[in-house]
Every structure is written in structure tokens, then in C-alpha cells.
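Dear colleague,

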Amino acid sequence: MLSVTNRSPGAVLSATAVSRGTVPRFARLIYPLAWAAPMAAWQTLFFVVPLGFLIVLTFWKVENYRLVAALDPVNWIAVYGTPYFWSVYLRTCAMAAGAAALISLIAFPCAYFLAFHLDKGARRLAVLLLITPFFTSYLVRVYTWQAFLGDNGLINAALQGAGLEPVAMLNTVFGTFVGYATLCLPLVVLLQFMSLVNIDRSLIEAARNLRCPPWRTVWAVIVPSARVGLVLGATFAFILTFGDFVSPTYLGGGNPPTLGILITDFTKAGNQWPRAAVVAVTMVTTLILVAFFAVRFAYKTRRRSHG
């Protein structure tokens, strides 16, 4: 009775109408649509429309270094008919998949420690420290790594001071992966942490009562229970590294090239924006498929485990 008397008369009448099923069907349909409209408008304006223009651009032609509106598949044929494109595509996929796997493996012990070995106050501080790198430009952080990884950088200076030979780290694949970790590692740790911290602790206690070894508890109880966060973290790492241009260019030296570098090469060579658009559409399609199957896998396995 107190909960009813503390509510306004209009709210009471609305609740009564809903409970009796007297609300018009149109009102029941328009209410959820009104909440979904801002997100739908945002996605349409800033994703669907630019993607549609990008697809249209792939059929245009370049004549005398100027874009000409046309409906010609010559750009698709030229790009897809080149073995070089497919080698770059497969290399980019392999590097992104490798970076996602490596970053996920590095992030898991960090997330596990935050979730199971820190109190609430320390967790808040740790989460704040994980968010702090995003306050700084990614490009600035990459430039900072150049000072560390260069031939005369801080790391090689320390190695020489210890009597060791300097190691080439800048303009290598290793440098690219360092940049990938700089971009993705804090985010992956946060995603894994949010999944691990919500695990039912009674499952872990039950495993301990059954004298399950710690490593088996992690593998058989914690990992399946946190699978959604683990899969989403790896997926975000793949998405971010697959389309990254900064690390392969400034830490990897552009060699071997990735799809992001290939796009800039097309735009610089004869102003070939349509062919660059073909590469971009291919990248977007790849990422949509990867995200779709990853999310489906994560939540499908979760439903099976609960079933």
C-alpha cells in the first residue's frame, strides 16, 4: 500500500491499465521504438550512410586524377585479381588473430588477479589506472614507444650498459605487436575483469571442496563461466588491430604492409580512392562477419552451459 500511495495518480492509472491490458496496441509498440530511435538514428547517420557511400564509391572511376561517377566493377576486378592484395589480406588477418590471442593470454592473469585477489578499493584504483591510458592520444603513446624501441633508445641503452648487444625492435613485427598491445591490452583486461568478477563464487568453492587443483578450477570452472567476456575481449582486440594503421606504420616501419597501409598506398598512387574503398569495404565486411560469429559463439555456449 505504501508503494502505491507514494506514486502519482497518473502512474497508478498507467500501471493499472498495463496490468489490465487496456493500453492500446499502438502505444505498446511505440514505447520501445521511442527508446530505440536515438541509437537507430545514430547508427544510420554515422554508419549505414557512410558505408553506403563507400560501396557506391567502389564503382566510380578515376580519369585524369579526378573521380568520375560511374557503375563499373573495374576496381573490384583490379583489386581482387591481384595476388598481392590477398597476401596482404591474409597477413593482416594473421597478425590481428595472433595479436588478439597473445593479448588475451597476457590480459587473463591480470584480470584474474584483479577479480580474485584484490579488495573493492584496490579494484577501483586498478580500474582507474586501466582507464587512464585512454586519456592520452594513441598516436602520442606510439611516439613514446619509438623512444624506447629505437636502436639508440632506452631499452638498447640499458642492454649496452649491461654489456649486451643491442636488439632491433623498431620497424619490425615485434614493434607492431607492442603497438597493438598498447592499443588493446587495457580494454581486454577490463572486459575480462568484468566477466570474471561476476562469476558465482559458490562454483569455485564447490571445486575446492572437491579438491580440484587450482589450474583445473581455472580451466574447468572459471574459463567457461567467463567465456562471454573472454570471447568479446579477443574480438575487440582483433577488430582494433585488424584496422590499425598507426602501429604498423610508426612501429613496424610499414613492412610488411597491412590493409591499412594498402589503403594509403592506393590514395597516394594516382588518387585511386575507388580502389581504396574496395579495400575498406572488404575490411568492414570481414569485421562484421568476425563480430557476428564471435558474439554468436559466446552467447550460444553460454545458453548451453545454463541449459
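Helices (H or I, at least four residues) and strands (E, at least two) are taken here as DSSP runs, numbered from the N terminus. On that basis, Y65 is found in the loop between β1 and β2. Please bear in mind throughout that this is a predicted model.

I begin with that loop. The phi angle of Y65 is near 65°, a positive value in a residue other than glycine. Y65 is exposed, its relative accessible area being 64%. N64 also has its place in the loop between β1 and β2 (66–68). Its phi is near 55°, again a positive value in a residue that is not glycine, and N64 is exposed, with a relative accessible area of 72%.

The peptide bond leading from N255 to P256 is cis, with omega near 5°.

Which residues does L196 contact, leaving aside its neighbours within four places in sequence? They are F108, A111, Y112, A115, F116, I222 and A226. In soluble globular proteins, nonpolar side chains tend to be buried together.

T235 is found in helix α12 (residues 227–242). This threonine, T235, is buried, with a relative accessible area of 9%. Not counting residues up to four places away in sequence, T235 touches A291 and A294.

Within α7, the residues Y138, R141, V142 and L149 are buried. Viewed down the axis of α7, the buried residues fall within an arc of 100°, so they line one face of the helix. These buried residues pack against α8 (154–161), α9 (173–196) and α13 (246–250). The N-terminal end of α7 is capped by S137, a side-chain oxygen of which lies 3.3 Å from the backbone nitrogen of L139.

Finally, the aromatic residues. The count of aromatic pairs comes to 17. One of them joins F59 and W76 in a tilted arrangement, at 6.3 Å centre to centre and with 40° between the planes. This pair links distant parts of the chain: F59 is in the loop between α3 (25–57) and β1 (61–63), whereas W76 is in helix α4 (residues 74–80), 17 residues apart. F59 is partly exposed, with a relative accessible area of 24%. F85 and W86 form an edge-to-face pair, with 5.0 Å between centres and 70° between the planes. Is each of these two residues buried or partly exposed? F85 is buried, at 3% relative accessible area, while W86 counts as partly exposed at 34% relative accessibility. Both pairs belong to one aromatic cluster, formed by F59, W76, Y80, F85, W86, Y89, F238 and F242.

With kind regards

Terms used
Residues numbered from 1 in each chain as written. Predicted model: local features only at pLDDT ≥ 70, side-chain atom pairs only at ≥ 80, totals over all residues. Heavy atoms only, no water. Buried < 20%, exposed > 50% of the residue type's maximum accessible area, 1.4 Å probe, protein only. Arc of directions from axis to C-beta. Contact = heavy atoms within 4.5 Å. Polar contact = N/O pair within 3.5 Å; in protein donor to acceptor, adjacent residues only side chain to side chain. Phe/Tyr/Trp six-rings, centres within 6.5 Å; stacked < 30°, edge-to-face > 60°.
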